[in-house]
Amino acid sequence: RAFQQRGAALQSPGLVAWDAGSETWERVGAASLLGSVHSAVALGSSLYIGGQFRDVSAVGLSGVGRFNGSHWDNMQGGVASGRVNAIARSLDEIIIGGSFSGVGGGAARRIARWDGRRWHAMGVLNGDVLALATIGIYVFVAGDFTVAGGSTVNHIASYHQGKWMALAG
């Protein structure tokens, strides 16, 4: 992709960030991404990205990744077969949602949480996740689903302490 940098184009096969001090675009890390980033969120000093991408460098990013300021981490191999549409933070964890069939080599489908070391399934949704939001430890999920964790919902639900609930309205 090309980004304008003081009248000149910056070609970057990866993620870029705007440096307001120097008024330039800077490349983030050394990973070369093939595909698109759909969502990003910061947690502590790390940047987490989600989308439909893989990297063509030696990092092994696949649909999700973490940049710690100097290196990329593939977060146990990333997502399998699909994409991450949304990414959010809930206290000290990262939540991803999308159309994926697994993450980190596990069976979590469409939604999962990262505790900093490994992925955890968050139950079964019968359709794709399109958006995520959090308030404290409450996770709000919207998408193309009508069942979340066995509960009937109308394309939007909340998740709290391992339980899914429909939102009234």
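Which side chain does R110 meet in a salt bridge? I looked this up and found D128, at 3.3 Å from N to O. I took a salt bridge as a side-chain nitrogen of Lys or Arg within 4 Å of a carboxyl oxygen of Asp or Glu.

I noted that this is a predicted model, in which local features need pLDDT of at least 70, side-chain atom pairs count only at pLDDT 80 or more, and totals for chains, interfaces and linings use all residues. Residues are numbered from 1 along each chain as its sequence is written, and side-chain values use heavy atoms, with hydrogens and water left out.

Next I placed the R110 pair in the chain. R110 sits in the loop between β12 (102-103) and β13, and D128 in the loop between β14 (119-121) and β15 (129-135). The two are 18 residues apart, so I logged a link between distant parts of the chain. Strands here are DSSP runs of E, at least two residues long, numbered from the N terminus.

I then checked exposure (buried is under 20% relative accessible area, exposed over 50%, partly exposed in between, with a 1.4 Å probe and protein chains only). R110 is buried at 16%, while D128 is partly exposed at 22%.

I counted four salt bridges in the structure. One of them joins R113 to E93, with the closest N and O atoms 2.6 Å apart. R113 lies in strand β13 (residues 111-114) and E93 in strand β11 (residues 93-98), so this pair ties together parts 20 residues apart in sequence. R113 is partly exposed, at 23%.

I also found R66 bridged to D73, the closest N and O atoms being 3.7 Å apart. D73 is partly exposed, at 25%.

How values were computed:
Helices (H or I, at least four residues) and strands (E, at least two) are DSSP runs, numbered from the N terminus.
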